[in-house]
Amino acid sequence: MALTDGRGARLPRSERRRQLLDAAQEVFVARGYHATAMDDIAERAGVSKPVLYQHFPGKLELYLALLDTHGAALVATVRAAMESTTDNKTRVHKAMQAYFDFVDAQGEAFRLVFESDLRNDPVVAERVDRVERDCGHAIAETIMGDTGAGRDKAELLAVGLTGAAEMAARRWLASKRAVPKAEAVDLLMTLAWRGISRFPLQDGPDGR
């Protein structure tokens, strides 16, 4: 189905939705949620407000769609890091890399997840908490499987790892990438690995 915005432009529905999300992201990042109006987003996208409302009933729905998109991407990257190898040092490195890549590739859009000016809204807070929780669970499952640690201990360790990765990556971006990314990731990996590697592996069928 192709949609027109009244100005001659016709796009399939999925492409129009992507266009609107991209425009909303630019405006939200530049102005923050509270200072952004639907008029601003429609203008940035080059569409009429009725076209915008065909896809999103309000500003909050637009914001939540962006949170879901970026949050899912981060969680998927962390999970892939855990599943891509059985070498735990490499896993730690890839987990740190995931956070640095996220803040680097997304530019200032990472603020939608980590530094939202809407974090006090229960719906937004639940979405952000879910992202942090899902990233932590992906790492905790690996810790449990390899060390035999109970869930509570594994989740606490996972929170420590993801918290360090998130804060360091945000600080790295704020410093205008003063340290080359590869070096920054290696620094965090070394710090984390020297701690997590102290936990003994649980023997499995392959003797690991």
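Start with the largest nonpolar core: among its 61 residues, select Phe28 and Leu62, which touch the most other members. A nonpolar core here is a set of buried Ala, Val, Leu, Ile, Met, Phe, Trp, Tyr and Cys residues joined through side-chain atoms within 4.5 Å. Now colour helix H4 (residues 59-83), which gives this core its largest share, eleven residues. Helices (H or I, at least four residues) and strands (E, at least two) are DSSP runs, numbered from the N terminus.

A word on what you are looking at: this is a predicted model, where local features need pLDDT of at least 70 and side-chain atom pairs count only at pLDDT 80 or more, while totals for chains, interfaces and linings use all residues. Residues are numbered from 1 along each chain as its sequence is written, and side-chain values use heavy atoms, with hydrogens and water left out.

Next, stay on Phe28 and show its contacts (heavy atoms within 4.5 Å). Beyond its neighbours within four places in sequence, you'll find Tyr33, Thr36, Ile41, Lys59, Leu62, Tyr63, Leu66 and Leu112.

Hop over to Leu112, in helix H6 (residues 111-114). Is Leu112 buried or exposed? Buried, with a relative accessible area of 4%; the cut-offs are under 20% for buried, over 50% for exposed and partly exposed in between, with a 1.4 Å probe and protein chains only. Not counting residues up to four places away in sequence, Leu112 touches Gln25, Phe28, Val29, Tyr63, Leu66, Leu67 and His70.

Now for the second largest pocket, with a volume of about 170 Å³. Select Glu132, Arg133, Gly136, Val159 and Thr162, the closest to its centre of the 14 lining residues. On a 1 Å grid over the protein atoms alone, a pocket is an open set of points where a 1.4 Å probe fits, with protein on both sides within 12 Å along at least five of seven lines; lining residues have an atom within 4 Å of a point. Grid points are joined across faces, edges and corners, and the volume is the space filled by probe spheres set on them. Helix H7 (122-147) and helix H8 (151-174) each give two or more residues to the lining, and H7 gives the most, with six.

Finally, zoom out: the protein has nine helices and two strands, and buried residues make up 41% of its 208 residues.
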